[in-house]
Amino acid sequence: MVNPYPFFGFSANSLDYALFKPNAGVFDAVTGMHYTNMFDAQMDAVYSAMKKVGYEDVEISVGETGWPSVGDPNQLGVSMENAVSYNGNLVRHVNSGKGTPLMPNRTFETYVFALFNEDLKRSTSERNYGLFKPDLTPVYDVGIMRNEPASAPASPGPTAPSSKTEPYAGSSGSPYRKSKELFMTPTLSLHFLHETHSGLIMANLFPLATAILFLSVTCPHLSRAAYPIGVNYGTVANNLPPPSQVAAFLKTKTTIDRVKLFDANPDILRAFAGTGIAVTVSVGNGDIVSLSKLPAAQSWVAANILPYYPQTLITRIAVGNEILATSDKTLISRLLPAMKALHSALQVAKVTNIQVTTPHSLGILSSSEPPSTGRFRRGYDRVIFAPILDFHRQTKSAFMVNPYPYFGFSARTLNYALFKPNAGIFDAATGINYTNMFDAQMDAVYSAMKKLGYEDVEIAVGETGWPSVGDPNQPGVNMENAVSYNGNLVRHVNSGKGTPLMPNRKFETYVFALFNENLKPSTSERNYGLFKPDLTPVYDVGILRNEPASGPAPAAPSTSSGKKWCVPRSDASDQALQANIDYVCSTAQVDCKPIQAGGACFDPDTVRTHAAYAMNAYYQAFGRHDYDCDFGKTGVITAVDPSTASSISCF
């Protein structure tokens with residue numbers, strides 16, 4: 001754990017560099033890295049020191065960092081504006097998961113100093129590091145409030161010293177350690193108490209329990225990791241809102257912090273300037289051949305990257321889209337040279353924070369089921385994919401794939417594709433029972449990479465989704481299935497549990513698509529969007545800022561005046577109910593410890609009572625929609641409290 005403070009390291013010439021503002025940066029001639037902020041430079045200096053003694057693999061966390069909002073008269077760099085800039089940009093930077101130049105794609109558990117302005121500190125600046133005042137109103141918001149985007153200062157003003165000093169007395173144990181445990185959840189946390197030589201003291205603040213409740217209600221970003229969910233921003237439509245409106249909407253109304261474009265539209269790139277939203281731009285398939293030469297690649301970077309970067313947070317260039325699926329031998333042969341040329345062009349321009357990749361369909365695999373058999377197509381594995389994967393390893397960039405369970409399901413595997421309860425598919429080679437197709441497809445890609453010796457290369461999901469409307473009688477296409485797939489996908493990816501072969505890995509994932517696009521050729525293609533062109537949701541999958549995931553916007557789920565529960569149908573078999581238990585207890589949102597041996601709800605020890613607990617917990621956790629209690633037609637909703645109507649307890 002280190003405490004990097006750009007506040008203590010800046011000079012008049014490097015203030016913007018310290019505040020994450022646009023600046024000329026600092027060039028490291030040894031590594032060829034161009035640093036545009038001091039926080040990254042300080043973190044990489046620590047990493048370099050660790051590497052010199054052979055411990056570069058040890059995780060680093062940030063114990064303190066911050067910027068005061070008020071200081072003594074004429075104190076250099078101390079102002080409300082600079083505090084908002086540093087802490088706000090820090091939050092966005094850490095939550096982006098992009099890491100630092102020497103530690104790309106690493107997320108650092110980071111503690112902002114401090115939660116409160118503390119009136120017993122010695123100097124004016126020390127008393128004014130807080131994000132909140134003692135009455136729990138924000139000094140300013142850096143994007144951690146639940147109901148509003150980052151804003152200007154609430155009501156600036158220094159915290160005056162108090163005439164009274166009172167020790168904070170916890171009821172038992174160490175309140176300091178206890179509060180640290182509560183807030184140490186990646187990636188962003190706050191320093192709550194300050195430890196002095198005379199023990200733990202607290203200024204004139206709210207009681208500990210009140211402050212904790214306040215944080216849990218108003219600052220959800222403190223209790224969950226950064227969202228790895230992005231969205232594909234397609235524009236094959238003639239009724240979409242202007243890019244500036246889209247950028248403002250995503251920043252203020254959703255938790256989406258990254259978008260992927262299918263071109264390098266200058267209007268969109270200008271619109272996202274200053275938003276902190278990460279942008280992936282794309283090179284058209286038709287440009288690949290010309291861009292395989294460095295001069296053309298430099299011209300493309302000069303025209304499409306340099307005018308907008310770093311004001312617009314461009315983080316990746318996607319070279320073409322699903323090139324192997326075209327079967328165009330010229331394009332396929334020039335793909336990697338184009339990727340290398342664009343990477344070199346970025347390096348020559350001293351832009352080191354932009355990855356280069358190319359999205360692949362799962363048609364690149366000759367075998368994918370069961371996942372352990374995954375392998376790349378013969379003839380392409382060693383000649384095409386091994387060199388591409390080596391490029392990703394050398395440049396520390398992600399191998400991007402487009403897994404679409406929608407294109408792989410049958411009537412028998414629909415629930416498996418939708419993350420719904422199902423018997424699963426057993427992989428005898430690994431002993432793993434897969435309960436959703438997304439994990440199986442990702443592990444098939446991983447298996448193929450492992451066979452070539454590149455299992456360490458990061459994987460990103462360039463596209464995945466499910467249409468909400470299709471042609472008449474088109475199997476599996478309806479609003480309910482779109483809500484189920486995309487909603488469960490968001491929850492699954494954000495849980496951080498990874499896949500069976502890649503546990504605890506988070507995959508940067510781009511849902512297809514942001515909008516329904518009315519110029520696409522077929523009905524289903526026109527209806528992949530999460531939002532309509534007027535920015536109202538087609539349905540919400542948990543990415544809107546002010547409300548939990550819900551069903552389709554126009555048709556709210558049925559409700560009643562009283563409480564409802566989900567219980568097993570009387571004709572449901574124990575085998576089906578056990579499958580429900582296995583599925584529910586594999587999700588991160590449901591705690592199944594109460595029905596495990598020794599748990600409060602273990603007795604009576606029957607499959608039916610355990611299934612009742614699990615199915616109802618799932619139903620309550622995911623919004624109490626009717627379809628959340630379907631469970632393959634084995635669940636039923638009741639308005640009668642099961643605790644009083646039967647032997648089923650723990651409701």
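A salt bridge here is a side-chain nitrogen of Lys or Arg within 4 Å of a carboxyl oxygen of Asp or Glu. The model is predicted, and the structure holds 13 salt bridges.

Q: Why is the contact of Asp257 and Arg258 called a salt bridge?
A: The N to O distance between their side chains is 2.8 Å. The cut-off is within 4 Å, so the pair counts as a salt bridge.

Q: How do you know whether Asp257 is buried or exposed?
A: Its relative accessibility is 19%. Buried means under 20%, so Asp257 counts as buried. Arg258, at 6%, is also buried.

Q: What makes Glu508 and Arg258 a salt bridge, and which parts of the chain does the pair tie together?
A: The closest N and O atoms are 3.5 Å apart, and the limit is 4 Å, so the pair qualifies. Glu508 lies in the loop between H14 and strand E21 (509-511) and Arg258 in strand E10 (residues 258-261), so the pair ties together parts that are 250 residues apart in sequence. Asp257, Arg258, Arg316 and Glu508 are linked in a network of salt bridges.

Q: Why is Arg393 called partly exposed?
A: Its relative accessible area is 31%. Arg393 forms a salt bridge with Asp456, with the closest N and O atoms 2.6 Å apart.

Conventions: Residues are numbered from 1 along each chain as its sequence is written. This is a predicted model: local features need pLDDT of at least 70, side-chain atom pairs count only at pLDDT 80 or more; totals for chains, interfaces and linings use all residues. Side-chain values use heavy atoms; hydrogens and water are left out. Buried means under 20% relative accessible area, exposed over 50%, partly exposed in between (1.4 Å probe, protein chains only). Helices (H or I, at least four residues) and strands (E, at least two) are DSSP runs, numbered from the N terminus.
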